[in-house]
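My entries follow in the order I made them.

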Amino acid sequence: RYSSVQSKFYDNLIGLIKLNNLSLRQFCKELKFARANLTRWKSGTNPGIETLFDIVRYFNCSFNDLLTRENN
């Protein structure tokens, strides 16, 4: 279901931010995202496809890493 994928998106995003030793502020600044986006994504709002592309390119990861990978 998409709702479970969505919750994994936020968790995976936070994991990638931490893995790359970034602060949330630094991540948002470098990608020119409003900090409020993180709050919306945490609450389950879907990011747009362009936003997903920007994040995938920034971290040089796959969509699978961002959307569905389990963090263990």
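Entry 1, Asp54. I began with Asp54, which counts as partly exposed at 28% relative accessibility. The scale I used calls a residue buried under 20% relative accessible area, exposed over 50% and partly exposed in between, with a 1.4 Å probe and protein chains only.

A note on the source: this is a predicted model, in which local features need pLDDT of at least 70 and side-chain atom pairs count only at pLDDT 80 or more, while totals for chains, interfaces and linings use all residues. Residues are numbered from 1 along each chain as its sequence is written, and side-chain values use heavy atoms, with hydrogens and water left out.

The term stands for a side-chain nitrogen of Lys or Arg within 4 Å of a carboxyl oxygen of Asp or Glu. By this rule the count comes to one salt bridge. Both Arg57 and Asp54 lie in helix α4, three residues apart, about one turn of the helix. Helices here are DSSP runs (H or I, at least four residues), numbered from the N terminus. I noted that an α-helix has 3.6 residues a turn, so residues three or four places apart point the same way. Arg57 is exposed, with a relative accessible area of 54%.

How do the axes of helix α2 and helix α4 cross? I found that α2 (residues 24-31) and α4 (residues 49-59) have axes that come within 11 Å and cross at roughly 110 degrees. The two helices are therefore roughly perpendicular to each other, a label for angles of 65 to 115 degrees. Phe27, Glu30 and Leu31 of α2 make the contact with Asp54, Ile55, Tyr58 and Phe59 of α4; contact means heavy atoms within 4.5 Å.

I listed Phe27, Cys28 and Leu31 as buried in α2. Seen down the axis of α2, the buried residues fall within an arc of 95 degrees, so they line one face of the helix; the arc is taken over directions from the helix axis to the C-beta atoms. On the other side of α2, Arg25 and Lys29 are exposed.

I ended with Phe59 of helix α4, which is buried at a relative accessible area of 11%. Leaving out residues up to four places away in sequence, Phe59 touches Leu13, Leu16, Ile17, Asn20, Leu22 and Phe27.

Notes
Axes fitted to C-alpha atoms, helices over the stretch in contact; angles between N-to-C directions. Parallel < 35°, antiparallel > 145°, perpendicular 65-115°, else oblique.
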